[in-house]
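The following exercises are to be worked through with the sequence and the structure in view. Each task is followed by a solution in steps.

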Amino acid sequence: MSHTDVSAMLSSLGIGTHNLPKILVTDPQAKKLEAKPGDVIEIEREDFGKSYKHYRYVVEK
Amino acid sequence: MSMQAEVIKQIKFGIFSQEQIKKLSVAKLTVPDTYNEDGYPIDGGLLDQRLGVIDPGLVCKTCGGRAKSCPGHFGHIELVRPVIHSEFSKIINMLLQATCQKCHRILLNNEQIGVFREAMAKELAAEMPMNEAAADRHAEQDLLKKLKSVKKCPHCQTVQEKLKFSMPTYFYLGERRLKPDEIRDMLAKMSDDDLEIIGIDAKTSRPEALVLNALLVPPVDVRPSITLETGERSEDDLTHKLVDIMRINQRLEQNINAGAPQIIIDDLWELLQYHVTTYFNNETSGIPPARHRSGRALKTIAQRLKGKEGRFRYNLSGKRVNYSARTVISVDPAIDIDEVGVPTAIAEKLTVPFYVTEWNLEAGKKLLERNEYPMVLNVVALDGKRKRILDTNKEDLLKELKPGYILERQLKDGDIALFNRQPSLHRISIMAHRVKVLPGKTFRITYPATAPYNADFDGDEMNLHIPQTLEAQAEAKYLMAVQNQIFSPRDGAVIIANGWDGVIGTFMLTQDDNYLTKEDAEHLLSTAGIRELPKHSKNGTYSGKSVFSMLFPKGLNYEAQQGSGKFVIKDGELVEGVVDKKMYGEGRSNKLFAAIVMGYGFDVLQDFLTKSSRLSYAYTTLFGVTIGVKEYMLNDALKKDKASTITETQGKVADLIEQYKEKKLEPLLGLTLRQSLEQTIMVELDLARGQAIQMLNKNTDKSNFAMLMANSGARANILNMEQMSMFLGQQATREGGRIKRGYYTNRVVPHIRKNDNSSAAHGFVANGFVDGLTPLEMIMHAVGGRGTVIQKGLLTQRSGYLQRRLANALQDYYVLQDNTVRDVNNNVIETIYGGDAIDPTKVEFLKQKKE
């Protein structure tokens, strides 16, 4: 996600990055996306046929 | 309601130093005894009057207070030789491990210290969120552990000797045992700066305080002695332990002064260490617990706090509450599902507050004047003081009554109460009921309300709580009322519904060919509280369906599949279908309730439930439902069916075995020939039972009550019936196969031949309970039965614990107004609750709305 998008999302939820679920940089999925610590990954999830957005904050450890 | 004045930002725990102990202490205790011959507390003894008094009449020598006003004061014992505080020995070990044995500096070189300090400063300045800071802490702790392997001190270059620690209190340097005084000296020489790196704030706790020179003695209020009926005094376990410590301490002192040999002194010293260790924790691993004269282990400090019966779980988390009652529960089909029958004795004791205001002052006075049952028991005045109403003060209270007073009035019909059965596994284990005061000694609930509590009436007890504020009452009434909990929060299935004789009646009533006389129809409807009759048919009778339709709200339309047919309600009239458990009982197949709620709301549904249950009970009573062995006796046609099924099946099995022996059997995919044989035999035997059920269905009279029960869903199913009247069928093991093991190899009991592969030899029971089982069959049945019981036990235990862990892990999550799921730290767990933000209890409403 771009930085502007991240701050928009965070302010709409009224939280900081540390309030998001975390993902390790060493996680295979994070590696695949070449994510760096501090990035926020946006995930399209599909449950019951409806899609919605979920977020992960990339951390070092 | 008071305002919150201050917020607690942090709490710091520290360790008392020797000086602090002495400052805190009001008395140095020297005599290892409690009372003298006159039964008077000895000065300097363990019940010294300076430590506070608990006997009425005595005066505390410290504060001058009496038993009630004196809070108790700490004293102290000075130990002649220091001992290690066993509860801290791990920390002592860590400290000794991390410091040089000669210069007592931390075993990190200056560069490492710098890195450490920098990290700590960053942590402080950044105000890292708690969980991240905790992770960093962990990394530091790990580093400290590695200091064990440092061989040479980076500051004074001394080669470190191997330090051995043996639980709970022994330390060795090389081969030599370190005595507590040496350890104390070593710890005392550590610098405050080094301690900071390790994570110890030397201002509040110096490490040498972990080795005790003086022992704080808790006040007598903490360890009161009890006077037995015989006049004998019995001391608290802690007092006993303290006597032991003081006695050894005194002996040690005498020996030292007398210049006794070192071995004797060391022995006593070790004994002192033992007593101090067990004083703190009598379950310290590695040492035998100190025992009472009777052989019972003493309950010392740690034991008072720890575990289920300890201070925390028993007294602090598990406080007892007022305004509650508990008794046995029983059924009452006459009350409403959202009512609870409360015994008069309980209703007279429990109270509900009546808040006196400007506007209800007169009503309050009238209430206060009453002298019989719903009367006021207590008055809470403006100062918050509670006064019991007596004949003597009633007049005065009436006069002084003014807005702001609270009258505590006895419980009466219609009050809101919370009703609960343990274990409280889900939110519907506590529901709000309306009070209905009834004679008798038990709480009464209806059958439908038992389901969410998982209650039955074989002696179950339940708890009743009376909400005491208007807010609490409103919350209970609107959020927790029984009729609002009809749909399960798990999957939206109906969980509060009629069952048993509550469905068999409606089932019989709504059969297609059922017509009632006018008298019967009137009787039934009037029990349900309906004073009108439906339209009668041509010959003046009333169809069962039309009678039942009187219960539906006006204009209800509903349609559902029922078996191969249909269940149709058109304009409040049941046109097609039968009201059975599938349509209107517990479970997900009941969609009728959702339809009623959608169109008319929960209160109408509740009304429908109550009325239909009364109708069903009345009809069941009128009709008379009863069963006997008769229901399970086979008619001639079925007898023939049974015999043919069994011979046919056994023939098939014999054939299969024959084919197997001749190696003609076609193996199944992925199975060996033997496994294939087993598999095909199993299928064949299971099929036999299915056939038997079909035959029963076909050839049993419709008026057979057992069949009626099974078909309506009231109790049992056709399989149960088949197993009794036809044959029991294949008995399975926990592994899912036929019964194979039991007596040595290849057979279940010695009464069958080795390698007998017939159906009977592996648990096929060809008789039913009505005919009786052969001895071999009975054994097979017992084997199967035992397996089932074990499996059931295992399953409930495991799934119960799993469920509990899940519930505990998730309990603090909540759904915010924007449908995100958050925890207490405002962390986002899910961006949309459940991926769709749908409340499971309302799934069925949504589905019906779409149609």
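**Exercise 1. Determine how helix 16 and helix 24 of chain B are arranged, and describe their contact.**

Solution. The model is a predicted one.

Step 1. Helix 16 (residues 501–509) of chain B packs against helix 24 (residues 705–712) of chain B at an angle of about 100°, and their axes are 9 Å apart.

Step 2. Angles of 65 to 115 degrees count as roughly perpendicular. Helix 16 and helix 24 of chain B are therefore roughly perpendicular to each other.

Step 3. Helix 16 of chain B contributes V503(B), I504(B), F507(B) and M508(B) to the contact, while helix 24 of chain B contributes L708(B), M709(B), N711(B) and S712(B).

Step 4. Sorted by class, this contact of helix 16 with helix 24 of chain B holds six nonpolar residues, two polar ones and no charged ones.

**Exercise 2. Classify the packing of helix 22 against helix 23 of chain B, and list residues that meet there.**

Solution. 

Step 1. The angle between helix 22 (residues 636–661) and helix 23 (residues 673–699) of chain B is about 170°, with the axes 10 Å apart.

Step 2. The cut-off for roughly antiparallel is an angle over 145 degrees. Helix 22 of chain B is therefore roughly antiparallel to helix 23 of chain B.

Step 3. On the side of helix 22 of chain B, the residues in contact include L638(B), T645(B), K652(B), L656(B) and Y660(B). Among their counterparts in helix 23 of chain B are L673(B), L677(B), E684(B), A688(B) and M695(B).

Step 4. By class, the contact between helix 22 and helix 23 of chain B comprises 13 nonpolar, five polar and five charged residues.

**Exercise 3. Carry out the corresponding analysis for helix 20 and helix 21 of chain B.**

Solution. 

Step 1. Helix 20 (residues 592–600) and helix 21 (residues 602–623) of chain B pack at an angle of about 135°, and their axes lie 7 Å apart.

Step 2. This angle makes helix 20 of chain B oblique to helix 21 of chain B.

Step 3. L592(B), F593(B), I596(B), V597(B) and Y600(B) of helix 20 of chain B meet F602(B), V604(B), L605(B), F608(B) and L609(B) of helix 21 of chain B.

Step 4. The class count for helix 20 with helix 21 of chain B is ten nonpolar, no polar and no charged residues.

**Exercise 4. Describe chain A, and then the interface of chain B and chain A.**

Solution. 

Step 1. Chain A has two helices and three strands, in the order α-β-α-β-β from the N terminus on. Its C-alpha atoms fill a box of roughly 30 × 25 × 20 Å along the principal axes.

Step 2. At the interface, 18 residues of chain B are in contact with 14 residues of chain A. The two chains bury about 1,200 Å² between them, 50% of it on carbon and sulfur atoms.

Step 3. Of the area that chain B buries against chain A, 35% is supplied by V828(B), T831(B) and G835(B), more than by any other three residues.

Step 4. Helix 4 (130–146) and strand 27 (828–830) of chain B are the elements that give two or more residues to the side touching chain A. Strand 27 of chain B provides the largest share, three residues.

Step 5. The side of chain B that touches chain A divides into five nonpolar, seven polar and six charged residues.

**Exercise 5. Which residue forms a salt bridge with D192(B), and where are the partners placed?**

Solution. 

Step 1. Side chains of opposite charge can pair when their charged atoms come close.

Step 2. The partner of D192(B) is R206(B), with the closest N and O atoms 2.4 Å apart.

Step 3. D192(B) lies in helix 6 (residues 192–198) of chain B, and R206(B) in the loop between helix 6 and strand 5 (211–217) of chain B, 14 residues apart.

Step 4. Over all chains, the whole structure holds 35 salt bridges.

Conventions. Residues numbered from 1 in each chain as written. Chains lettered and ligands numbered in written order. Predicted model: local features only at pLDDT ≥ 70, side-chain atom pairs only at ≥ 80, totals over all residues. Heavy atoms only, no water. Axes fitted to C-alpha atoms, helices over the stretch in contact; angles between N-to-C directions. Helix = DSSP H or I, 4+ residues; strand = E, 2+ residues; numbered from the N terminus. Parallel < 35°, antiparallel > 145°, perpendicular 65-115°, else oblique. Contact = heavy atoms within 4.5 Å. Nonpolar A, V, L, I, M, F, W, Y, C, P; charged D, E, K, R; others polar. Buried area = accessible area lost by both parts, 1.4 Å probe. Salt bridge = Lys/Arg side-chain N within 4 Å of Asp/Glu carboxyl O.
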